[in-house]
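These are my notebook entries on one protein model. I record what I looked up and what I found.

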Amino acid sequence: MFSLCSIVVMERIDTSAVAHAILDAPGWARVGITAPSSCLREDAALELARVIADAVDAPAPVPSPEQSSLPL
């Protein structure tokens, strides 16, 4: 039986943050994943993965106490 004892907390990845990370990635990486060369596709995929991982690992921005909140 497989035990998940080592995983303390499992979080769901925010798909909105991933989408924004992809759009913020360098243009060459976004276009590069469609390149005919497998070497370029791999480099582009690694760059996109790095950008997404950085965005997911980044701490959530703390709202400024000077910013007033608006009711929804």
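The entries below go from the overall fold to single residues.

**Entry 1: the model and its fold.** I note at the outset that this is a predicted model. I looked up the secondary structure and found three helices and zero strands. Along the sequence I read the pattern α-α-α. I then checked burial: of the 72 residues, 14% count as buried.

**Entry 2: E47.** I located E47 in helix α3, which spans residues 38-57. Is E47 buried or exposed? I found a relative accessibility of 16%, under the 20% limit, so E47 counts as buried. I next listed its contacts, leaving aside neighbours within four places in sequence, and found P26, W28 and A29.

**Entry 3: salt bridges.** How many salt bridges does a search of the whole structure find? I recorded two. In one of them, the side chains of R50 and E47 meet, at 2.6 Å from N to O. I looked up their spacing: R50 and E47 are three residues apart in helix α3, so about one helical turn separates them. For R50 I noted a relative accessibility of 42%, which means that R50 counts as partly exposed, whereas E47 is buried.

I then turned to D54, which forms a salt bridge with R50, the closest N and O atoms being 2.9 Å apart. D54 and R50 both lie in helix α3, four residues apart, about one turn of the helix. D54 is partly exposed, with a relative accessible area of 43%. Salt bridges that share partners join E47, R50 and D54 into one network.

**Entry 4: the nonpolar core.** Which residues make up the largest nonpolar core? I found five: A21, A25, A29, L48 and V51. One of these, A29, I had already listed as a contact of E47. For A21 I looked up the contacts, not counting residues up to four places away in sequence, and recorded V51, I52 and A55. In soluble globular proteins, nonpolar side chains tend to be buried together.

**Entry 5: V18.** I placed V18 in helix α1, which covers residues 15-24. What does V18 touch, not counting residues up to four places away in sequence? I listed I13, I52 and V56. I also checked the separation of V18 and I52: they are 34 residues apart in sequence and 5.8 Å apart in space, C-alpha to C-alpha.

**Entry 6: the largest pocket.** I looked up the volume of the largest pocket and found about 170 Å³. Which residues line the largest pocket? I recorded E11, R12, I13, D14, A17, A55, V56 and A58. The lining divides into five nonpolar, no polar and three charged residues. Two lining residues, I13 and V56, are in my list of V18 contacts.

Conventions. Residues numbered from 1 in each chain as written. Predicted model: local features only at pLDDT ≥ 70, side-chain atom pairs only at ≥ 80, totals over all residues. Heavy atoms only, no water. 1 Å grid on protein atoms, 1.4 Å probe; cavity = no way out; pocket = protein on both sides within 12 Å on 5 of 7 lines; lining within 4 Å. Points joined across faces, edges and corners; volume = space filled by probe spheres on them. Nonpolar A, V, L, I, M, F, W, Y, C, P; charged D, E, K, R; others polar. Helix = DSSP H or I, 4+ residues; strand = E, 2+ residues; numbered from the N terminus. Buried < 20%, exposed > 50% of the residue type's maximum accessible area, 1.4 Å probe, protein only. Contact = heavy atoms within 4.5 Å. Salt bridge = Lys/Arg side-chain N within 4 Å of Asp/Glu carboxyl O. Core = buried A, V, L, I, M, F, W, Y, C linked by side-chain atoms within 4.5 Å.
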